[in-house]
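Please look over the sequence and the structure shown here before reading on. The briefing that follows begins with the overall fold and then turns to individual residues.

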Amino acid sequence: MGEFYTVIEVRAGSPISEDQFGALADELYALDAAYPDVMEPDLGVSASAGIARFTMTVTADGPAEAAVKALATVRSVVHATGGATPGWEDWEARSVMRIAPAEESDWLFADA
């Protein structure tokens, strides 16, 4: 088991209102308390562009399992706020996911 830092950016398809942001954040932080494998979640949005960026550290056996846990967490948050996630299996042009061992997560944001 290890810790993996994950970043998931999702395009909502429409602008994100302040109320929607608040509901997403509330649900994300509530899940943090309920699931010990998900730590330090955070949410940022580009409201007018309709992009939400979910970050969290996930305890998992490897990056693939961390990706599954992080994505399940994000989907749970979206569903809990009344959102839908049809077509998430087809990631093209809708989402970006980055995963790194937690102790090496700084390189996710380094310039190439």
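Helices (H or I, at least four residues) and strands (E, at least two) are DSSP runs, numbered from the N terminus. By that rule, the secondary structure of this protein comes to two helices and four strands, and these follow the pattern β-α-β-β-α-β when read along the sequence. This is a predicted model, in which local features need pLDDT of at least 70 and side-chain atom pairs count only at pLDDT 80 or more, while totals for chains, interfaces and linings use all residues. Residues are numbered from 1 along each chain as its sequence is written, and side-chain values use heavy atoms, with hydrogens and water left out.

**The protein as a whole**

- Of the 112 residues, 35% count as buried, where buried means under 20% relative accessible area, exposed over 50%, and partly exposed in between (1.4 Å probe, protein chains only).
- The protein exposes about 6,400 Å², and carbon and sulfur atoms supply 53% of that area, as computed by the Shrake-Rupley method with a 1.4 Å probe, where for residues only the protein chains shown count as cover.
- Among contacts (heavy atoms within 4.5 Å) between residues at least 6 apart in sequence, 63% join residues at least 24 apart.

**Glu 40 and its backbone**

- Glu 40 is found in strand 2, which covers residues 38-46, and this residue counts as exposed because its relative accessible area is 63%.
- Most residues other than glycine have a negative phi.
- Glu 40, although it is not a glycine, has a positive phi of about 50°.

- Thr 55 lies in strand 3 (residues 51-60), and it counts as buried because its relative accessibility is 11%.
- Not counting residues up to four places away in sequence, Thr 55 touches Tyr 5, Thr 6, Val 7, Glu 40, Pro 41 and Asp 42.
- Asp 32 belongs to helix 1 (residues 18-34), and with a relative accessible area of 29% it is partly exposed.
- Leaving aside neighbours within four places in sequence, Asp 32 is in contact with Val 38, Met 39, Glu 40 and Pro 41.
- Asp 32 and Asp 42 are ten residues apart in sequence, and their C-alpha atoms are 9.8 Å apart in space.

**Glu 104**

- Glu 104 is placed in the segment after strand 4 (95-101), and it is partly exposed, since its relative accessible area is 44%.
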